[in-house]
Amino acid sequence: MIWNPEYECMDRQKLKELQLKRLQALIRWVYNEVPFYRERLEEADVKISDIKTLEDIQKLPFTTKDDLRDNYPFGMFAVPMENVVRVHSSSGTTGKPIVVGYTRADINTWSELTARIATAGGATAKDIAQMSFSYGLFTGGFGMHAGLERIGASVVPVSTGNTERQIMLMKDFGTTVLVCTPSYALHIAEVGEDIGVDFSRLPLRVGLFGAERFSEKMRQEIESKLHISATDNYGLTEVIGPGVAGECGHKDGLHINEDHFLVETIDPDTGEQLEPGNEGELVFTTLTKEAFPVIRYRTRDLTRLMTEPCACGRSLVRMEKVKGRTDDMIIVRGVNIWPSQIESVLFEIEGIEPHYKIIVDRHGSMDVIEVLVEMSSEIFPGGMKELVAFERNIEEKLQTVLGIRVDVRLVEPKSLDRASGKSQRVVDKRDL
Ligand SMILES: [Zn+2]
């Protein structure tokens, strides 16, 4: 099922022409309406008339999270407040959050895009969709809510938390689509198991998951525990929220809504644009946003673009699942490590649960990594000897992949905290 074949399956040449037309209009718009961009363009000595092809985007300066933060709260808005009908913000774990605005047209675009994501993931007008994302300044809840309503699904805005009640509603309402973070979906599965729910007997059939990186192994866990088809979708507050990209039924990369977003991958160190197929930092330019356009926004997310045609018929380019963030990278004893590398090793090992925590600390002048891994209740070993041997085995596997030694400590089933929102996998005590 394709929500908008006219755009999602557009001829690539026509799509490029549309993108260029929209890019030129955007540059004119921000030059006239946002002092920040006018100054940046003048500093870079770029005139509106210099943008003759899509390649010319490389002449434009990047926009960073710090730029957005420096203009807190409304300095980057390209329309007067009377035209802004909605405001959202990023979580802002450190310092001021990033505040974004939407005009009525932006809200309409947003629901069109999340309608595409929901449809690509398998949702239809006949579905009962349980929204277990939090509502509020966070864009996840409102974004997916609007798309599901647009396709005609019956939306149940439960929000996060109170997992037993979530499961009760799921049973009583006959929920068929679940929308939340992948880690919360796993938590729902676990709580359900504890209270004796057989998910194979529920009508639940589709999961639309986002706001968090999630591995292939985690998808398999969720699909087998909840008896659903689970897809990944991608978005970020600074660009629009959910709706930037999403997987189709082939689950081999996320289609990017290129008629609304111009995507590039760059070398995070040099800023050079990369050819598709090479891993780099994702950079987005919004082509249609009115209230909060961004030009060459550096997401810090690392992935690879896939230009090969997809069997689903969409012509939109795909991105691989995000590997990690440039700022997620942990540097320990001069070695670059991504939590996703540790995760991929753990998920290959029988007898442990997809719950772990990575703790980085400094002992004297020495950086150490400890990985806490939850055992599954079925095979929690009795003897100390077996336990230690199991730990050593995981340590060896991790050392092969990471190139440095890490300490593994097995912990009891269900002893690590479960987040209902985004889960915090890495604790870097060196920062404290
Ligand atoms: Zn596809």
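How many residues does the largest nonpolar core have, and which of them have the most contacts inside it? Hi everyone, let me start there, and please keep in mind that this is a predicted model. The largest nonpolar core has 49 residues, and L23, Y234, F284 and M319 are those with the most contacts inside it. As for who contributes, helix α2, residues 12–33, gives the most to this core, with five residues.

Let's look at L23 for a moment. Leaving aside residues up to four places away in sequence, L23 touches I51, L54 and I57, and also L262, T285 and L287.

Now over to the start of the chain. P5 sits in helix α1, which covers residues 5–8. Is P5 buried, partly exposed or exposed? Its relative accessibility is 45%, so P5 counts as partly exposed. P5 and S315 are 310 residues apart along the chain, yet their C-alpha atoms are separated by 9.5 Å.

Last topic: the cysteines. How many disulfides do we count? The count comes to zero. Take C9: the nearest cysteine sulfur belongs to C312 and is 6.9 Å away, and C9 is in no disulfide. To count, the two sulfur atoms would have to be within 2.5 Å. On accessibility, C9 is partly exposed because its relative accessible area is 28%. C180, with a relative accessible area of 0%, is buried.

Definitions and conventions
Residues are numbered from 1 along each chain as its sequence is written. This is a predicted model: local features need pLDDT of at least 70, side-chain atom pairs count only at pLDDT 80 or more; totals for chains, interfaces and linings use all residues. Side-chain values use heavy atoms; hydrogens and water are left out. A nonpolar core is a set of buried Ala, Val, Leu, Ile, Met, Phe, Trp, Tyr and Cys residues joined through side-chain atoms within 4.5 Å. Buried means under 20% relative accessible area, exposed over 50%, partly exposed in between (1.4 Å probe, protein chains only). Helices (H or I, at least four residues) and strands (E, at least two) are DSSP runs, numbered from the N terminus. Contact means heavy atoms within 4.5 Å.
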